[in-house]
Amino acid sequence: METQHERSVAEMDALLSSQNGLIVRLKEECRCLVSELEELSLARRVEVEDLSLEKQHLQQNVDKLQRRCQEMEEQCVQHGRMHQRMKHRLQQLDHHCQSSAQQVVELLSRQNQLVQKQPLDSGDAQKLHVQLPVESNDDLLTL
């Protein structure tokens, strides 16, 4: 019985020793895993911080681009209005030019008529000129 008891105690000691060894290995494994987890956690925190900074930078760019887009839309509207005004002014100028051109054509036509009539008038004037001195001399004699 004593032998059996000693065997049981020896088995229990061996089992206890085995369990203690297992516990030591598990503790060591836990330490390694905790260390890896801390490293990964730190790396993720750094990555999250970097991404947060990048997000902030991108958000600032988005805000800046949105403001620029609004400014450009306003400029586009202003340019559209100016384009309409200029188009209207060009139409007015075109109408005025057409009117002026019509007047020039009418004046040239009238001048052409007068130039064509002028040789007749010159001929009539020469006849009158020739007749006038004779008549003038007769008038002078009667005076």
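**View 1. Glutamate 47 and arginine 44 sit three residues apart in helix α1, about one helical turn from each other.** Helices here are DSSP runs of H or I with at least four residues, strands are runs of E with at least two, and both are numbered from the N terminus. In this predicted model, local features need pLDDT of at least 70 and side-chain atom pairs count only at pLDDT 80 or more, while totals for chains, interfaces and linings use all residues. Residues are numbered from 1 along each chain as its sequence is written, and side-chain values use heavy atoms, leaving out hydrogens and water. The two side chains form a salt bridge, 3.1 Å from N to O. That term means a side-chain nitrogen of Lys or Arg within 4 Å of a carboxyl oxygen of Asp or Glu. Glutamate 47 is partly exposed, at 39% relative accessibility (buried is under 20% relative accessible area, exposed is over 50%, and partly exposed is in between, using a 1.4 Å probe and protein chains only).

**View 2. Here arginine 31 meets glutamate 28 in a salt bridge.** Their closest N and O atoms are 3.1 Å apart. Both residues belong to helix α1 (residues 2–142), three residues or about one turn apart. Arginine 31 is exposed at 52% relative accessible area, whereas glutamate 28 is partly exposed at 42%.

**View 3. Arginine 68 and glutamate 71 also join in a salt bridge.** Look for a distance of 4.0 Å from N to O. About one helical turn of α1 separates this pair. Both partners are partly exposed: arginine 68 at 43% and glutamate 71 at 41%. How many salt bridges does a search of the whole structure find? It finds three.
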